[in-house]
Amino acid sequence: MLQAGVVGVETPLWPTAVEPPREPRGQGRMDKPLEAGVGGFAAVEVGGERSEGVFQVKSQTSCKSLPWQKLEHLNGRASPPMRALHCLRLRRLLYLPLNARPFSSSSSSSSATHEIPTVYSFLQPSIFAPRPKPQPPPPPPAPDPAPRALPVADAVALEEGLFAAVAEDRSDDAWLAFKSLAAASLSPSPPAAAALVTHLVAGNHRLGLKRAFAAAVFLLEKSPHVSPLPEAALEALFSSLVASGSTGPALALARALLGCGRRLPAFSAWGRPLMELTRADTSSFAAFLKVFDEACRLMVEEKSQSVVALMRPDLAACNAVLQGCCCLLGTVKDAERVLEIMSAVGVSPDAESFGYLAFLYAWRAVPSRVDELDKLLEALGFSKKGFFKKLVSGYLKCCSFKSVSSVILRAVEERRVGDVSAFDDECYTEVAQCFVDNGRIRELAQLIIQAQEIELTNQLLVVDESVGFGIVNACVGLGLLNKAHNILDEMTAQGASVGLGIYSPILKAYCKEQKTAEAAQLVAEISAAGLQLDAGSYDALIDASMTAHDFQSAFALFKDMREARLPDLRTSYLTIMTGLTENNRPELMASFLDAVVDDPRIEIATHDWNSIIHAFCKVGRLEDARRTYRRMVFLLFEPNNQTYLSLINGYLSAEKYFYVLILWTEVRRKGADFNHELIDSFLYALVKGGFFDMAMQVIEKAQELKIFVDKWRHKQAFMETHKKLKVAKLRKRNFRKMEALIAFKNWAGLNS
């Protein structure tokens with residue numbers, strides 16, 4: 001019997017009690033018994049050859065129950081087609097799967113030996129699995145044929161063709177010329193190589209970039225020239241690789257540059273673009289760091305100091321590498337290795353370099369190194385502003401909130417009057433975000449309280465530079481207004497005195513979001529605490545009032561500003577005037593201007609009065625406009641052309657031409673600075689009003705000042721208004737007016 005999963009155990013197919021006569025060799029016979037429910041390989045010899053097939057017996061049918069006649073047919077007593085048909089019937093009686101491997105002579109020698117059926121492969125123990133025959137090793141590849149020698153004239157012609165193709169923007173032809181040179185183991189000259197590479201990368205196409213990269217690598221490896229690719233072309237190639245984000249090719253090109261055995265170009269040509277490309281990814285920057293180390297080793301081995309000066313990176317580049325080691329990789333060993341390299345190539349670290357090291361030592365909790373840096377900075381006389389800032393960032397990175405508070409308080413203690421704060425908005429934003437995200441509102445409030453005490457002791461009373469203002473303002477900037485108010489509440493709960501720097505950002509945020517009720521409540525709290533609002537808070541409140549059209553509140557706040565003797569009133573004054581102008585409230589503008597005109601802290605000029613006059617004329621309140629004009633002149637403010645134009649246009653729209661005549665007389669007497677627009681406006685209004693004698697005075701003034709006047713416009717004005725005017729009737733009334741009319745008509749060409 002065949003056991004499940006075992007192959008190769010052969011037993012007689014027939015029972016020993018009834019043994020049929022043996023068939024001669026070459027007839028078909030089955031070598032293995034079949035048992036119900038057993039699956040495996042069955043070996044069958046057909047036509048003198050052995051073949052294997054997969055089967056699965058699913059019934060209790062035994063070989064004894066098979067018809068003898070069908071077996072005889074299989075033993076060679078039928079024709080080959082009939083034998084095939086009986087084999088198929090036998091398979092059906094035995095419930096053999098139809099997709100079993102065919103019993104063919106071809107499969108017995110090749111496929112049956114090496115193939116394992118996929119469906120039933122789980123039945124095969126691994127130790128019995130057929131092993132493939134060892135294949136003979138492939139023949140070694142044929143050696144490349146020797147490059148065909150290229151005549152010198154042909155090489156020169158190819159290089160000239162390359163130049164011509166580049167000049168005519170034929171990239172494919174230029175590339176074919178380069179390939180032809182490369183196939184002959186020739187390299188183009190450095191100018192030709194530079195022209196080719198620069199042209200290929202100019203379009204920022206992927207194919208051109210690939211070609212430029214391949215050409216550069218070939219030139220670095222094969223070119224006999226000392227500098228096969230000029231620095232400008234090399235820098236253009238690296239910049240294009242950076243723009244396309246091709247980190248791998250850029251690193252490969254840098255390695256080819258280091259391995260070509262030539263003098264390195266300037267670090268700015270290849271190192272700076274590569275550093276910008278890899279500084280955002282950890283693995284890429286680690287690969288760049290190895291390239292940087294190898295490049296600096298070559299620089300150290302160079303004996304010529306002038307060559308080293310051209311090759312080595314500058315301080316900014318070294319600091320960028322150090323920043324990547326400290327802030328991206330976070331490995332002390334790599335950072336200190338970069339510091340050693342800087343010393344070896346002759347680049348001295350500065351305060352920024354030590355700041356990055358401070359960040360790393362704070363992040364990785366190496367307090368001994370932090371103390372060493374502190375003493376070193378003090379010995380070198382460097383400013384500690386960047387040092388404190390980087391320490392705070394490093395401690396925030398590892399969520400050491402106690403260390404953050406100690407560094408901030410120490411910076412406040414060491415600060416003196418007139419010194420700039422060690423922390424900027426970016427640092428305060430980082431502090432506020434980290435503390436709030438970790439639910440450290442109480443610790444944040446305690447930090448502000450302690451900082452306030454130190455600031456009061458050292459007389460650091462600048463509100464915008466206090467620690468409390470910076471942190472609360474950062475919360476507001478992050479959209480955490482409720483957290484900022486929670487800090488205020490926590491400080492109040494701890495019984496601390498809240499400074500104006502805490503209230504100011506919250507008050508401005510309420511005003512910006514038009515939360516007038518909350519703003520009013522906060523102003524009451526500030527007054528109850530005995531604090532005086534600063535100019536910025538007043539500006540925010542006045543702006544919110546003007547936006548809400550609450551003009552009386554704005555006036556009251558501005559009055560409070562004046563009484564508080566704040567020096568800067570200009571911003572709030574402009575806010576009020578602009579809001580009133582936009583809302584067409586000239587009467588409020590006039591009364592407000594009269595109230596503040598005597599205040600020396602407010603610089604009032606002619607354009608302020610012009611705004612009021614223009615607003616009055618725009619709404620048709622000409623008497624108020626004239627009154628404002630008289631007030632302006634009385635207070636010795638000099639009117640200008642814009643003043644007169646606003647009045648003329650107002651009188652013209654209301655057909656008050658007589659006022660224009662009065663204004664002309666006054667302006668002519670004062671001797672204003674006439675221009676084309678003013679002359680044209682006066683003349684048009686006087687013609688429309690029929691004051692031709694004054695109109696001729698305007699024309700004479702224009703001729704005197706050589707100002708061009710469009711006659712057609714004024715001719716049209718005359719025809720629209722005085723078309724039926726008769727000279728004969730006018731002669732009887734006023735001879736002077738008649739002469740002025742005739743003179744105007746002659747000037748305008750109306751008599752013809």
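Buried means a relative accessible area under 20%, exposed means over 50%, and partly exposed lies in between (1.4 Å probe, protein chains only). The model is predicted, so local features need pLDDT of at least 70 and side-chain atom pairs count only at pLDDT 80 or more, while totals for chains, interfaces and linings use all residues. Residues are numbered from 1 along each chain as its sequence is written, and side-chain values use heavy atoms, with hydrogens and water left out.

**View 1. Leu-636 in the loop between H31 and H32.** Helices (H or I, at least four residues) and strands (E, at least two) are DSSP runs, numbered from the N terminus. Leu-636 counts as exposed because its relative accessibility is 78%. Its phi is near 65 degrees, a positive value in a residue other than glycine.

**View 2. Glu-655 in the loop between H32 and H33.** Glu-655 has a phi near 60 degrees, which is positive although the residue is not glycine. Its relative accessible area is 59%, so Glu-655 is exposed.

**View 3. The length and faces of helix H27 (residues 551–563).** The expected span of a helix is 1.5 Å times one less than its number of residues. For the 13 residues of H27 this gives 18 Å, and the end C-alpha atoms are 18 Å apart, which agrees. Phe-551, Ala-554, Phe-555, Leu-557, Phe-558 and Met-561 are the buried residues of H27. Seen down the helix axis, they fall within an arc of 165 degrees, so they line one face of H27. The arc is that of the directions from the helix axis to the C-beta atoms. An α-helix has 3.6 residues a turn, so residues three or four places apart point the same way. Exposed residues Gln-552, Lys-559 and Glu-563 sit on the face of H27 turned away from its buried side.

View 4. Contact means heavy atoms within 4.5 Å. Arg-565, which follows H27, has a positive phi near 60 degrees.

**View 5. Asn-610 in helix H30 (residues 606–618).** Asn-610 is buried, because its relative accessible area is 7%. Not counting residues up to four places away in sequence, Asn-610 touches Met-632, Asn-640, Gln-642 and Thr-643.

**View 6. The largest cavity.** On a 1 Å grid over the protein atoms alone, a cavity is a set of points where a 1.4 Å probe fits but cannot get out, and lining residues have an atom within 4 Å of a point. Grid points are joined across faces, edges and corners, and a volume is the space filled by probe spheres set on the points. The structure holds three cavities of 30 Å³ or more, and the largest has about 80 Å³ of space. Its lining consists of Arg-626, Tyr-629, Arg-630, Leu-647, Tyr-651, Tyr-659, Ile-662, Leu-663 and Glu-666. Helix H31 (622–634), helix H32 (641–653) and helix H33 (657–670) each supply at least two lining residues, and H33 gives the most, with four. Six lining residues are nonpolar, none polar and three charged. Here Ala, Val, Leu, Ile, Met, Phe, Trp, Tyr, Cys and Pro count as nonpolar, Asp, Glu, Lys and Arg as charged, and the others, Gly among them, as polar.

Terms used: 1 Å grid on protein atoms, 1.4 Å probe; cavity = no way out; pocket = protein on both sides within 12 Å on 5 of 7 lines; lining within 4 Å.
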